[in-house]
Amino acid sequence: LSVKTPWQRFMEEDPTDEEKCLYWRMVVYCRNDPYISKKDLFDLFSVQSDLIKKQFQINDVVFYLSDKNRVTVLASIADLGLDLYGTPNWILDRYNEPDLIFSYKKKQVYSLRHNQDVYNSTRIGININHVWARDGLPWRVCDIMASSACLVSEYKDDLKKYFKDVKIPTFINIYDARSLCIKLLNDENLRLDTVAACNEVIDKSYRFRHVRENIEDFLNIDFD
């Protein structure tokens with residue numbers, strides 16, 4: 001059985017129209033400010049409802065907002081040749097989304113070599129941000145940029161900050177994501193040019209040798 005979302009559990013309690021409206025406004029607010037405290041959020045919205053006080057858990061809401069974002073983006077490009085890897089319960093027990101279920105690959109991918117093989121045999125590698133990740137970039141961004149796959153990423157300011165000389169394809173909604181993937185799949189020269197530019201910046205500035213000295217200093221360890 002699929003795990004119930006916070007809003008499904010909330011709706012099972014038969015809220016009033018006013019409670020539903022307030023709950024959803026709070027969800028939208030948490031999407032933009034996931035680190036707000038529960039007290040500050042409840043004060044901001046002058047929450048009086050005992051039902052909302054009982055049911056609204058910020059961490060739970062933000063987790064499922066990230067989950068929802070990931071699912072909708074991936075579902076929008078599933079018919080373009082999406083492959084999903086993970087444990088069976090990750091996709092088969094949690095997502096009632098046919099496009100994603102049929103994109104699931106049973107092969108277990110967990111080692112460095114496994115990930116390299118997947119990225120290097122893929123035309124596009126997509127990055128979808130977590131709602132909590134307001135700064136920084138996940139490791140997979142550099143992993144994809146170092147491979148034969150073309151990075152397509154949800155927009156983040158840090159992409160411009162760290163890779164200002166590379167025109168990384170970025171999206172802000174599912175329509176952008178699908179349009180970019182179709183464009184790159186139909187224009188191999190553009191895709192290869194983007195891959196080459198990503199490879200170049202990684203080799204120039206973001207290999208292990210570029211951070212080794214800082215890591216050794218921080219850990220007070222000599223890797224030699």
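## A buried aromatic pair

Tyr23 and Phe56 are both buried, that is, each has under 20% relative accessible area, where over 50% is exposed and anything in between is partly exposed (1.4 Å probe, protein chains only). This is a predicted model, in which local features need pLDDT of at least 70 and side-chain atom pairs count only at pLDDT 80 or more, while totals for chains, interfaces and linings use all residues. Residues are numbered from 1 along each chain as its sequence is written, and side-chain values use heavy atoms, with hydrogens and water left out.

The rings of Tyr23 and Phe56 pair edge-to-face, at 5.0 Å centre to centre with 65° between the planes. For rings of Phe, Tyr and Trp (its six-membered ring), a pair needs centres within 6.5 Å; planes under 30 degrees apart are stacked, over 60 edge-to-face, and the rest tilted. Tyr23 sits in helix α2 (residues 17–32) and Phe56 in the loop between α4 (50–55) and α5, so this pair links distant parts of the chain, 33 residues apart. Helices (H or I, at least four residues) and strands (E, at least two) are DSSP runs, numbered from the N terminus. Together with Phe10, the residues Tyr23 and Phe56 form one aromatic cluster.

## Overall fold

The protein chain has 13 helices and five strands. Its C-alpha trace spans about 60 × 45 × 30 Å along the principal axes. Of its 224 residues, 36% count as buried. Contact means heavy atoms within 4.5 Å; among contacts between residues at least 6 apart in sequence, 58% join residues at least 24 apart.

The accessible surface of the chain comes to about 14100 Å², and 51% of that belongs to carbon and sulfur atoms. Accessible areas come from the Shrake-Rupley method with a 1.4 Å probe; for residues, only the protein chains shown count as cover.

## Nonpolar cores

In soluble globular proteins, nonpolar side chains tend to be buried together. A nonpolar core is here a set of buried Ala, Val, Leu, Ile, Met, Phe, Trp, Tyr and Cys residues joined through side-chain atoms within 4.5 Å. The largest one has 20 residues, and those with the most contacts inside it are Leu74, Leu82, Leu100, Ile126, Val152 and Phe171. At least two residues of this core come from each of α5 (58–77), β3 (124–127), β4 (150–154) and α11 (174–186). The largest share, five residues, is supplied by α5.

Beyond residues up to four places away in sequence, Phe171 touches a set of residues including Val73, Ile126, Val152, Ala177 and Leu180. A second, separate core of 19 residues includes Leu41, Phe45, Val47 and Ile58.

## Around Ile36 and Tyr29

Ile36 is found in the loop between α2 and α3 and is buried, with a relative accessible area of 13%. Leaving aside neighbours within four places in sequence, Ile36 is in contact with Tyr29, Leu41 and Ile58. Ile36 and Glu213 are 36 Å apart in space, C-alpha to C-alpha, and 177 residues apart in sequence.

A search of the whole structure finds five aromatic pairs. In one of them, Tyr29 and Phe45 have ring centres 5.8 Å apart and planes at 85°, so the pair is edge-to-face. Tyr29 lies in helix α2 and Phe45 in the loop between α3 (38–44) and α4, so the pair ties together parts 16 residues apart in sequence. Tyr29 is partly exposed at 30% relative accessibility, whereas Phe45 is buried at 15%.

## Surface patch and salt bridges

Phe208, Val211, Phe218, Leu219, Ile221 and Phe223 form a nonpolar surface patch, with about 610 Å² of accessible area together. Patches are made of residues with over 30% relative accessible area and no salt bridge; like charges are joined within 9 Å, and nonpolar side chains (Val, Leu, Ile, Met, Phe, Trp, Tyr) within 5 Å. Phe218 belongs to helix α13 (residues 208–219) and is exposed, with a relative accessible area of 73%.

A salt bridge is a side-chain nitrogen of Lys or Arg within 4 Å of a carboxyl oxygen of Asp or Glu, and the count comes to 13. Lys4 and Glu12 meet in one of these at 2.5 Å, N to O; Lys4 is partly exposed at 41% relative accessibility and Glu12 is exposed at 52%. Asp17 and Lys20 form another at 3.4 Å, N to O, and, being three residues apart in helix α2, are separated by about one helical turn. In the bridge between Arg207 and Asp203, the closest N and O atoms are 2.8 Å apart. Salt bridges that share partners also join Arg123, Glu188 and Arg191 into one network.
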